[in-house]
Amino acid sequence: MVDESLSVVTPTLRRPAEIVELLENLSEQTLLPREVIIVDGAPEGEDETERAVKNPGRKFPFAVRYFRRSGGTAVQRNFGIDRAGGRFIALIDDDVRLEKDFFLEMFKVFSGDETKRIGGLAGYRTNQHFRSEDAARWRLYKRLKLLKTFEPGRYDFSTGYPINNNMQPPFAGTRPVDFMTTACAVWRREVFDDGLRFDRFFSDYGVLEDAHFSLRAGKKWKLMQCGDARCEELSSPNGRLNRRRIGYKCVVNYYYVFRDVAAPLSFLQKFRFWRFQAFEFIRVGSSALRRRRPGDLEDALGRLEGIFAVMRGLTEK
């Protein structure tokens, strides 16, 4: 059954095989979208994804609309959102595979929301769950009391750190969250009609752009996670940045979000943010020296560059 109220927006970059697999996966939904909008960040001349999407031999039970737009996933999502015609807009990453009832379970929740207070629903990624007690760094966070909360999906407004949603065990029904992933989420059109968009600060490979967007949306709307809307995130390596750039963004982007959603920051908030960042730099740097892994060294160097960037004011709007 096609639901004319649902549009899907997917940014992509150099992942033609993943895009085809996603379209095939979406074709198996018990509740089909009216359209899937693919926003390709590849430059002119790189036509693999366009050819894959427009292959006349492939037919799908919904409209597939292909566009090119560079600038990173934040820019691409905004571009797709502006062209979506549905009353609900699903943001689905190209390496996510939904269970057949994913959209059906989402719409059960929205249908039961008679006051229309729920602005966004995130799905549950079944293959990403981990227990905090099994992760060494999360054990250290708790032992050193670096964070004020450890509830998955909550944002620590005292430190500027989002608590990893993947620590949430499987569950049924819904639960409230402060922020949502863009990998597998459905939003009411009204959230975007208010003028809210992904911040263009988050260029190229996005780090925390989803948390920033949903934290701002959460000032007006209720945000929930639906444990019955399940999927898998395959985490394709294609098109990703190197560890040095990601390490840089794990400082600069985190500070940008913290200052924007929790301003004005107190001295204690800044102290807790930088204490946490110092711990992360030492943790990653120690791992680089102990294990002699090039990726860890790149990560540590990127974090150091990020610290200097914030000190130079590069996160100022």
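1. Beyond its neighbours within four places in sequence, Ser287 is in contact with Arg292, Arg293 and Asp296. Ser287 itself belongs to helix H9, residues 267-291. Please keep in mind that this is a predicted model.

2. Is Ser287 buried or exposed? Its relative accessibility is 9%, and because the cut-off for buried is under 20%, Ser287 counts as buried.

3. Asp296 leads on to a helix pair, as this residue is also among those of H10 that make the contact with H8. Helix H8 (residues 243-262) and helix H10 (residues 294-311) have axes 6 Å apart and pack at an angle of about 35°. The crossing of H8 past H10 is right-handed.

4. Who takes part in that contact? From H8 come Arg243, Arg244, Gly247, Tyr248, Cys250, Val251, Val252 and Tyr255. H10 brings several residues, including Gly295, Glu298, Leu301, Gly302, Glu305, Ile307 and Val310. Sorted by class, the contact of H8 with H10 has nine nonpolar, seven charged and four polar residues.

5. Helix H7 (residues 209-217) deserves a look too. Eight of its nine residues are buried, so H7 is largely enclosed by the rest of the structure. The buried residues of H7 are Glu209, Asp210, Ala211, His212, Phe213, Ser214, Leu215 and Ala217.

6. What covers the buried residues of H7? The cover includes helices H3 (73-83), H6 (189-193) and H8, together with strands S7 (155-156), S10 (184-188) and S11 (222-233).

7. On to the rings: the structure holds 27 aromatic pairs. Phe273 and Trp274 make up an edge-to-face pair, with 5.0 Å centre to centre and 90° between the planes. Phe273 is buried, at a relative accessible area of 2%, whereas Trp274, at 27%, is partly exposed.

8. Ring pairs also link a cluster made up of Trp138, Tyr141, Phe150, Tyr161, Tyr254, Phe276 and Phe279.

9. Arg83 lies over the face of Phe79, at 3.5 Å from the ring centre. The charged end of Arg83 also sits over the ring of Phe67, 6.0 Å from the centre of that ring.

Definitions and conventions
Residues are numbered from 1 along each chain as its sequence is written. This is a predicted model: local features need pLDDT of at least 70, side-chain atom pairs count only at pLDDT 80 or more; totals for chains, interfaces and linings use all residues. Side-chain values use heavy atoms; hydrogens and water are left out. Axes are lines fitted to C-alpha atoms, for helices over the stretch in contact, and angles run from 0 to 180 degrees between N-to-C directions. Helices (H or I, at least four residues) and strands (E, at least two) are DSSP runs, numbered from the N terminus. A crossing is left-handed if the near helix is turned anticlockwise from the far one by less than a right angle, and right-handed if clockwise. Contact means heavy atoms within 4.5 Å. Ala, Val, Leu, Ile, Met, Phe, Trp, Tyr, Cys and Pro count as nonpolar, Asp, Glu, Lys and Arg as charged, and the others, Gly among them, as polar. Rings of Phe, Tyr and Trp (its six-membered ring) pair if their centres lie within 6.5 Å; planes under 30 degrees apart count as stacked, over 60 as edge-to-face and the rest as tilted. Buried means under 20% relative accessible area, exposed over 50%, partly exposed in between (1.4 Å probe, protein chains only). A charge sits over a ring if NZ of Lys or CZ of Arg is within 6 Å of the ring centre and within 35 degrees of the ring normal.
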